[in-house]
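Work through the exercises below with the structure in view. Try each task before you read its solution.

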Amino acid sequence: MVSEVKQISGNAVPLIGNDIDTDRIIPARYLKAVTFDGLGEAVFIDDRKALNGEHPFDQIHYQGAKILIANRNFGCGSSREHAPQALAKWGIKALIGESFAEIFFGNCVAMGIPCVTAPSEIVKQLQELVITNPQEVITITLEKLQVQIGDFTVSVVMSEGTRTAFVSGTWDACGQLVANAPQVKATAAKLPYIAWGNLAAS
């Protein structure tokens, strides 16, 4: 299936710090947007302004990164879907971290963005490797639950149900509905309240 997510490769961007909440990822004033278009430009905007170009998302050697390496409790705070959407619009395809807030994690899964976890010492080592060599490609293999950067390979964690959903493509609820349209229509035709709705409309 097109929706299968088995491996993500690319450069990474390290974001050091615990408890980075969704308001820091994308401030509440951007929630007025009707679509998610343009959110990538505003991701971490307040932190970036405060650091005057020194934020990792502004540094030239991290531009084009596909993988974000975070620390503990990333994505905590409000449940806004805009947070993972902003990261995705910037170009992030997957995240590695010590832990993720539950609703943020769920929003990422619903968008097809894998979030894998590892112990703090491993995450810090990955961040240091990326800081030392920003152009080194990092690969997350969901089938093996492994992360590789250069000669360094480490195991990562993702629940079996979530891993299976990514590898099989079943994470994509809308895609599943479209792919199974005949079965959906056949089931809908058997539902009495669908018929009632048609009678009311006529």
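**Exercise 1. Find the turn between S7 and S8, and describe how the two strands pair.**

Solution. This is a predicted model.
Step 1: Locate the turn. S7 and S8 form a hairpin, with 2 residues between them.
Step 2: Gly-150 in the turn has a positive phi of about 60 degrees.
Step 3: Look at the pairing. S7 and S8 run antiparallel and share 4 bridges.
Step 4: Pick out a pair. Val-147 has Val-154 in S8 as its bridge partner.

**Exercise 2. Which residues of S8 lie on its covered face, and which on its uncovered face?**

Solution. Step 1: Take the covered face. Phe-152 and Val-154 belong to it.
Step 1: Take the other face. Thr-153 and Ser-155 are on the uncovered side.
Step 2: Val-154, on the covered face, is the partner of Val-147.

**Exercise 3. Trace the strands on either side of S6.**

Solution. Step 1: Start with S1 (residues 7-10). It is joined to S6 by 4 bridges, and the two run antiparallel. Ile-8 has Ile-140 as its bridge partner.
Step 1: Go to S7 (residues 146-149). Again 4 bridges link it to S6, in the antiparallel sense.
Step 2: Inspect the link. S6 and S7 form a hairpin with 4 residues between them. Leu-145, in this turn, has a positive phi of about 50 degrees.
Step 3: Sort the side chains of S6. Ile-138 and Ile-140 point one way, Thr-139 and Thr-141 the other way. All four residues are buried, that is, under 20% relative accessible area.

**Exercise 4. Which residues of H5 are buried, and what do they pack against?**

Solution. Step 1: Go to H5 (residues 102-111). Its buried residues are Phe-104, Asn-107, Cys-108 and Val-109.
Step 1: List the partners. These residues pack against helices H1, H4 and H7, and against strands S4 and S5.
Step 2: Turn to H7 (160-168). Thr-162, Arg-163, Ala-165, Phe-166 and Val-167 are buried there. They pack against H5.
Step 3: Compare what follows each helix. Gly-169 follows H7, and its phi is positive, near 90 degrees.

**Exercise 5. Step back to the whole chain. How many helices and strands does it have?**

Solution. Step 1: Count the elements. There are 10 helices and 8 strands.
Step 1: Consider burial. Of the 202 residues, 44% are buried.
Step 2: Consider the surface. The chain exposes about 10600 Å², and carbon and sulfur atoms supply 55% of it.
Step 3: Consider contacts. Among those between residues at least 6 apart in sequence, 69% join residues at least 24 apart.

Methods
Residues numbered from 1 in each chain as written. Predicted model: local features only at pLDDT ≥ 70, side-chain atom pairs only at ≥ 80, totals over all residues. Heavy atoms only, no water. Buried < 20%, exposed > 50% of the residue type's maximum accessible area, 1.4 Å probe, protein only. Contact = heavy atoms within 4.5 Å. Pairing = 2+ DSSP bridges. Areas by Shrake-Rupley, 256 points an atom, 1.4 Å probe, with all protein chains shown as cover.
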